[in-house]
Amino acid sequence: MKTLSRPTGTQDWVKDRAQQLSHVERTLSAVFESYSFEPIRLPMMETVDLFKRGVGDATDIVEKEMFLLQGRGAETGSQDVLALRPEGTASTVRALQQEGLLYNQQQRVYYSGSMFRYERPQKGRYREFYQLGAEAFGFAGPDLDVELLLLARDCWQALGIEHYLTLELNSIGSADDRIAFGAALKAFLLPHASELDSDSQRRLERNPLRILDSKSAQTQHILTDAPRLEDFINPVAQAHFESLCEWLDDFGLAYRRNPRLVRGLDYYNNTVLEWMTDRLGAQGTVCAGGRYDGLVERLGGKPTPAAGFAMGLDRIVLLSELRQAEQQGLAAPANPVDVYLCIAQADSARAAERVAQRLRMALPALKLRVHRGGGKLDKQLKRADQSGAEVALIVGPEEVAAGTVVVKPLRGTGEAGAVAEDQLADRLQALLTVVPSTRL
Ligand code: HAM
């Protein structure tokens, strides 16, 4: 029969790459928690209206990238059309609002999980991808924007990829500033409309700001003498941005001001940010976000200042792999087995299981594999060796009678020997090169 393949734009994470993804996720989550961000889990699907209102009707994401799900008619109206979440910010606002956690409160939360966008897949760009995002509510000052940037920098440092990344910042002012600027930009571009690339022509009517983002050289050339967004930014927003930049200078966090940085989601105001790399070809944005002080209100809540960002984990894993390749041998991928427990005779299976249970209690971080499927001891030891384990344990009738376990180091020169069951955990801890004291 014909075998089946994964859907276009999705990935299977197996073996070393799956380990790498888990490692990145755990390392970054630990940094987020060190800044006292709390985990939040959101639905994988939401009503389509949430993204229309939250992300914006005229954005690429809403216009052409959402995976829509038709309900089965139990409910009526647009509530019945669901979308696989293309991003996490709108859902976070919806969830905190619905749980009564926003009004007059401060919140710092982070989420991790799959997002879905119907995009043209290429290296670093997928239809299902992973994001780790941080969102903070109830903080109006630029000090919070700075904290988010320091948090991101700590993440890069924790993974050793900081040298691949540069930070770009801009201020896009308030919604009113952008309406005024959008009108001026449109008036300037209309006479050149036929010379613009097709995407920009389409955006001219509904979302002229995004034209600044265009990758077309001709469009960028036309923009040379266009009105500048920075000339339309209100004084309060300007002061916010100046203060943010001063803080960053003070903390030695390097950045580039990019007046053309506008972002593809509608909810931002004032600060917008992107961490970029030139090591992943066209998909150079590894983390992006900014301030979105108007979103809570737009989704039916009380005005609440807010800011956040999301990291693209798929791209971060690619960068971590690059770093490993460049510093070969520095971090060998973690082996899934530390210790392999062999059962010398079938009638010792329960005693062996008890040894395993006791070890798991004593050493929660130990990766212990118990042999399954029977067979001769020498075959089991061969399996143990192939598994990459550092140590094999053997439990047979003699050991059961004596209350011992045979410990056989598989790498290096150590001799095999019997160890009393109650000393086994200590003996293994002394033998193994890496056993963290707690499981992450
Ligand atoms: P975004 O710029 O759409 O922002 O996505 C954030 C990051 O997710 C990107 O910088 C990129 O690393 C990754 N990403 C996006 N699309 C793909 C894709 N198709 N394949 C692989 N990676 C991708 C947001 O989603 C906002 N919610 C960020 C935010 C949070 N703003 C405030 N808070």
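Reply:
**Cavity and ligand shell**

The largest cavity holds about 30 Å³ of space. A cavity here is a set of points, on a 1 Å grid over the protein atoms alone, where a 1.4 Å probe fits but cannot get out; points are joined across faces, edges and corners, and the volume is what probe spheres set on them fill. The model is predicted, so local features need pLDDT of at least 70 and side-chain atom pairs pLDDT 80 or more, while totals for chains, interfaces and linings use all residues. Residues are numbered from 1 along each chain as its sequence is written, and side-chain values use heavy atoms, leaving out hydrogens and water.

Searching the whole structure gives one cavity of 30 Å³ or more. Its lining (residues with an atom within 4 Å of a point) consists of Asp 145, Leu 148, Thr 271, Leu 273, Gly 290, Arg 291 and Ala 307. By class these are three nonpolar, two polar and two charged residues (nonpolar: Ala, Val, Leu, Ile, Met, Phe, Trp, Tyr, Cys and Pro; charged: Asp, Glu, Lys and Arg; polar: the others, including Gly). At least two lining residues come from each of α5 (142–159), β9 (269–276) and β10 (285–291); helices (H or I, at least four residues) and strands (E, at least two) are DSSP runs numbered from the N terminus.

The shell has 25 residues, the closest being Glu 87, Glu 119, Glu 135, Arg 263 and Tyr 268; a residue belongs if one of its heavy atoms lies within 4 Å. Eleven of the shell residues are nonpolar, seven polar and seven charged.

For Glu 119 the distance from a polar side-chain atom to a ligand nitrogen is 2.6 Å, and for Glu 135 it is 2.7 Å. A side-chain N or O atom of Thr 89 is 2.8 Å from a nitrogen of the ligand. Alone, the ligand exposes 660 Å², and the protein buries 96% of that (Shrake-Rupley areas, 1.4 Å probe).

Technical notes: On a 1 Å grid over the protein atoms alone, a cavity is a set of points where a 1.4 Å probe fits but cannot get out, and a pocket is an open set with protein on both sides within 12 Å along at least five of seven lines; lining residues have an atom within 4 Å of a point. A polar contact is a pair of N or O atoms within 3.5 Å; within protein, one must be able to donate a hydrogen and the other to accept it, and residues adjacent in sequence count only if both atoms are side-chain atoms.
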